[in-house]
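I opened the structure to look up a metal site and a strand. My notes follow.

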Amino acid sequence: MAVDLHSHSHFSDGSDSPTEIVEQAAAMGLSGLALTDHDNLDGIEEARRAADRTGVNLIAGIELSCEWELGGMHMLVYFLEPGEGALQNRLAAVMDSRNARNANIIAALNDMGIEITLAEVETEGGGTGIGRPHIAQVLVTRGAVESIPEAFDRYLAKGRPAYVNRDRLGPEEAIQLATASGAVTSIAHPHTLGLASDDVIPTLSRLHDIGLIGLESHYSEYDPIERGQYVELAESIGLVATGGSDYHGAYKEGLSLGSGFGDLDVPDYTIERLGDRIPHN
Ligand code: AMP
Ligand code: FE
Ligand code: FE
Ligand code: ZN
């Protein structure tokens with residue numbers, strides 16, 4: 001059986017509810033699912049109710065955007081339960097900074113003569129976990145751009161005129177807080193790290209030494225050869241090869257939960273391997 005360890009609901013920048021995602025997982029015959037909304041655990045309670053009803057093994061998680069100069073480092077965190085905890089408490093500040101940044105992005109767009117309001121963006125995002133994809137969608141709806149990727153290319157991506165930075169955790173802080181919270185971390189879509197090939201093994205080894213557990217090897221956008229290479233790389237460093245679709249519903253077209261662009265197949269033993277690495281503090 002297969003699992004999917006990377007998905008986003010409308011509690012961040014996905015379009016589907018946690019219930020819909022869990023029900024899709026069940027309908028597709030997935031045995032396990034991780035809900036990994038950006039920076040927050042607000043969808044977990046709802047997802048867990050649906051999981052209990054359908055028999056899907058739900059892993060509570062998040063995806064954190066870390067401070068990383070070379071490129072984008074996204075850290076998946078698994079077995080992170082809602083409530084109090086070292087990382088959970090730090091997330092409140094991250095969400096505050098995210099909300100302040102959204103307002104600043106909209107102000108920058110207004111300064112460029114593009115009419116867009118925070119209220120519209122909040123309506124688009126359903127009120128919680130607002131992010132750049134919702135701003136991008138409103139720019140599409142208003143006719144300022146033709147597609148979400150174009151909105152990023154012209155305005156919202158790093159280095160573009162409406163880019164605004166926000167509070168992010170460094171990789172060390174993310175790994176240490178996750179470990180203190182009894183959770184495990186895995187680097188998402190590792191090609192975005194922007195590492196020169198000679199730096200890949202030393203960098204991942206250094207992160208492994210401070211407690212990194214996994215490397216997302218089975219990713220929608222990788223072909224079978226790349227997936228195999230990442231699995232080998234992960235295992236050579238002592239990391240668990242994880243995987244997931246990065247499902248966002250309507251915000252990422254053509255991508256299905258579980259099967260990605262059609263050929264994704266994340267083995268179910270992945271969850272057991274990650275579970276074996278849960279820190280017991
Ligand atoms: P935020 O967390 O609000 O900074 O938004 C980051 C999210 O925007 C990512 O997780 C992706 O879902 C999406 N995103 C980032 N860059 C792009 C891009 N170039 N094209 C389309 N979507 C993007
Ligand atoms: Fe996203
Ligand atoms: Fe990501
Ligand atoms: Zn993601």
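Is H6 buried or exposed? I found H6 at 0% relative accessibility, so H6 counts as buried. I looked up H8 too, and H8 is buried with a relative accessible area of 0%. Buried means under 20% relative accessible area, exposed over 50%, and partly exposed in between, with a 1.4 Å probe and protein chains only.

I note that this is a predicted model, where local features need pLDDT of at least 70, side-chain atom pairs count only at pLDDT 80 or more, and totals for chains, interfaces and linings use all residues. Residues are numbered from 1 along each chain as its sequence is written, chains are lettered from A and ligands numbered from 1 in the order in which they are written, and side-chain values use heavy atoms, leaving out hydrogens and water.

Next I checked the zinc ion (ligand 4), which is coordinated by H6 (NE2), H8 (NE2), E63 (OE) and D246 (OD) at 2.1 to 2.2 Å. Donors are N, O and S atoms within 2.8 Å of the metal (3.2 Å for Na, K and Ca); water is not among the atoms, so sites may look incomplete. I found the iron ion (ligand 2) 4.6 Å from the zinc ion (ligand 4).

Then I turned to strand 3 (residues 57-66), where nine of the ten residues are buried. Strands (E, at least two residues) are DSSP runs, numbered from the N terminus. Strand 3 pairs with strand 4 (residues 73-78) in the antiparallel sense over six bridges; two strands pair if DSSP finds at least two bridges between them. I saw that S65 has H74 in strand 4 as its bridge partner.

Technical notes: Helices (H or I, at least four residues) and strands (E, at least two) are DSSP runs, numbered from the N terminus.
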